Amino acid sequence: MEVLEYDTTTILTPNITTTIATPMKHHHRENVQWLRCSVQNYDWGQKGRDSHVAKLFGLNSDSPIDPDKPYAEFWMGTHESGSSFLVCNGEDSNGHLSFESESESLKSWISKNPNVLGEKVVQKWGSDLPFLFKVLSVGKALSIQAHPDKELAKALHKLLPSLYKDDNHKPEMALAITQFEALCGFISIQELKSVLQNVPEIVEVVGISDAKRILEISDQDGEEKVKSSLRSTFTKLMSASKDMIVKVTSKMINRLHSESQVRQLTDKERLVLELEKQYPSDVGVITAFFFNYVKLNPGEALYLGANEPHAYLFGECIECMATSDNVVRAGLTPKHMDVNTLCSMLTYKQDFPEILQGIPINPHVRRYLPPFDEFEVDYCNLPEQESTVFPAVPGPSILLVTLGEGIMYSNSPRGDVIIEGDVLFIPANTELNITSASGLQLYRAGVNSGFFQPS
């Protein structure tokens, strides 16, 4: 990442001028902190420069991009599996700003300066950031997974700390940057009946009696009976032998290829064919029929509570969650699968997820508010020469610039240049005034504003 420096000139970039005095590219301040962030190269990530994660990581860290390497997740926060570090500026012999270096981790700095979190945040979560902010570039399906609630997270962390590396829950929200596809939550009982009538391979695995229990459910049956039947059938499918899954998956794929010659396959059937190419003979391929197939347009978001099954399939998104990396997996993955834990922890609710469109905060900012205290996300799209204010809030924020450049003022009359790839930690009670120099787009993650409202 190049370091821009100015003295008394009014030039911001080679082709943009302004009349404000001496903007600097992030000098060190006690309030706003620039961050150098981490990347995760999971196998499912998009490769090389096709990946938005790779582009942001390259700009943020001044690192070369390997065209053959997957770049899956860009992490911004304090989780030890992908820490962010404060960036300090150096000076050359003439006293000019000339280089950047990493100093201590954001986690360490916050622990020494807990006031930057705000009093109420410290009271609730201690001296750590309660949310983890990410960008995801999904090239192929992630595992079928769920995240434990707090009670289960503590038990799993104690039992298997090498697999479950913290004791926190992990509610999360995905906000689409591009078209974004996911499997999320169980389909309705009516849809499940249709699946059992049209996908004979599932009946072959779970048995006629289990299938019949679901097919005979009526509107008079209570929620517990429905959940019990779904739990039994899903668990039998997930627990089937590898030989059985190989056999029925092959049979199903051959049947779908044959039927595609005489009819148009459904979206879900086409998805299943694609998943089988990615994860041959994996139980997650046939299990996909049990889940809602969700397609988000850019600017739409979905959120996931604890113990809800999901799998991101393709596309790029902003993701925010409670500070945790606990994942219980059971399909579409080469990683450790914990089928028993997954099947026992799920809620077995049958709902299509709520799709958030964002609430307009002002002409340039939309806010995405999930029903979790730990986080919210703002998206800001600021045309050239337009300005917006992020008012001071009682909790911390992280700001990510995904496009363009501009000038940011915080608790100083001197402006700072912000450009694509910049990530900033914004302490509690800090107002930001931002002016776009060229089509500025940015995202802000912060503690859910509802948390600060009087109860």
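Author: Leaving aside neighbours within four places in sequence, Thr 323 is in contact with Thr 78, His 79, Leu 129, Pro 130, Phe 131, Leu 132, Asp 166 and Asn 168; contact means heavy atoms within 4.5 Å. This is a predicted model, where local features need pLDDT of at least 70 and side-chain atom pairs count only at pLDDT 80 or more, while totals for chains, interfaces and linings use all residues. Residues are numbered from 1 along each chain as its sequence is written, and side-chain values use heavy atoms, with hydrogens and water left out.

Reader: Where does Thr 323 lie?

Author: Thr 323 is in the loop between β16 and β17 (328-329). Helices (H or I, at least four residues) and strands (E, at least two) are DSSP runs, numbered from the N terminus.

Reader: Is Thr 323 buried or exposed?

Author: Thr 323 counts as buried because its relative accessibility is 11%. Buried means under 20% relative accessible area, exposed over 50%, and partly exposed in between, with a 1.4 Å probe and protein chains only.

Reader: What does the side chain of Thr 323 reach?

Author: The backbone oxygen of Phe 131, at 3.1 Å. That is a polar contact, meaning a pair of N or O atoms within 3.5 Å; within protein, one must be able to donate a hydrogen and the other to accept it, and residues adjacent in sequence count only if both atoms are side-chain atoms.

Reader: Which residues lie nearest the centre of the second largest pocket?

Author: Thr 323 again, along with Lys 107, Asp 128, Asp 166 and Asn 168, out of 16 lining residues. The second largest pocket has a volume of about 390 Å³. On a 1 Å grid over the protein atoms alone, a pocket is an open set of points with protein on both sides within 12 Å along at least five of seven lines, whereas a cavity is a set where a 1.4 Å probe fits but cannot get out; lining residues have an atom within 4 Å of a point. Grid points are joined across faces, edges and corners, and a volume is the space filled by probe spheres set on the points.

Reader: How does the lining of the second largest pocket divide by class?

Author: Into 3 nonpolar, 5 polar and 8 charged residues. Ala, Val, Leu, Ile, Met, Phe, Trp, Tyr, Cys and Pro count as nonpolar, Asp, Glu, Lys and Arg as charged, and the others, Gly among them, as polar.

Reader: And the largest pocket, how much space is in there?

Author: About 560 Å³. It has 34 lining residues, and the closest to its centre are Tyr 42, Asp 325, Val 327, Arg 329 and Lys 335. The elements giving two or more residues to that lining are β7 (73-76), β10 (131-138) and β16 (310-322).

Reader: Which one gives the most?

Author: β16, with 4 residues. The lining of the largest pocket has 14 nonpolar, 9 polar and 11 charged residues.

Reader: Staying with β16, which strand does β16 pair with, and in what sense?

Author: β12 and β16 pair in the antiparallel sense over 5 bridges. Two strands pair if DSSP finds at least two bridges between them. β12 also runs antiparallel to β15 (residues 301-304), joined by 4 bridges. Ala 174 has bridge partners in each of these strands: Glu 319 in β16 and Leu 302 in β15.

Reader: Why is β12 described as largely enclosed?

Author: Because 5 of the 5 residues of β12 (residues 172-176) are buried. Glu 172, Ala 174 and Ala 176 are on one side, and Met 173 and Leu 175 are on the other.

Reader: Last one. How many cavities of 30 Å³ or more are there?

Author: There are 2. The largest cavity has a volume of about 90 Å³, and among its 13 lining residues the closest to its centre are Phe 390, Pro 391, Val 393, Ser 397 and Arg 444.
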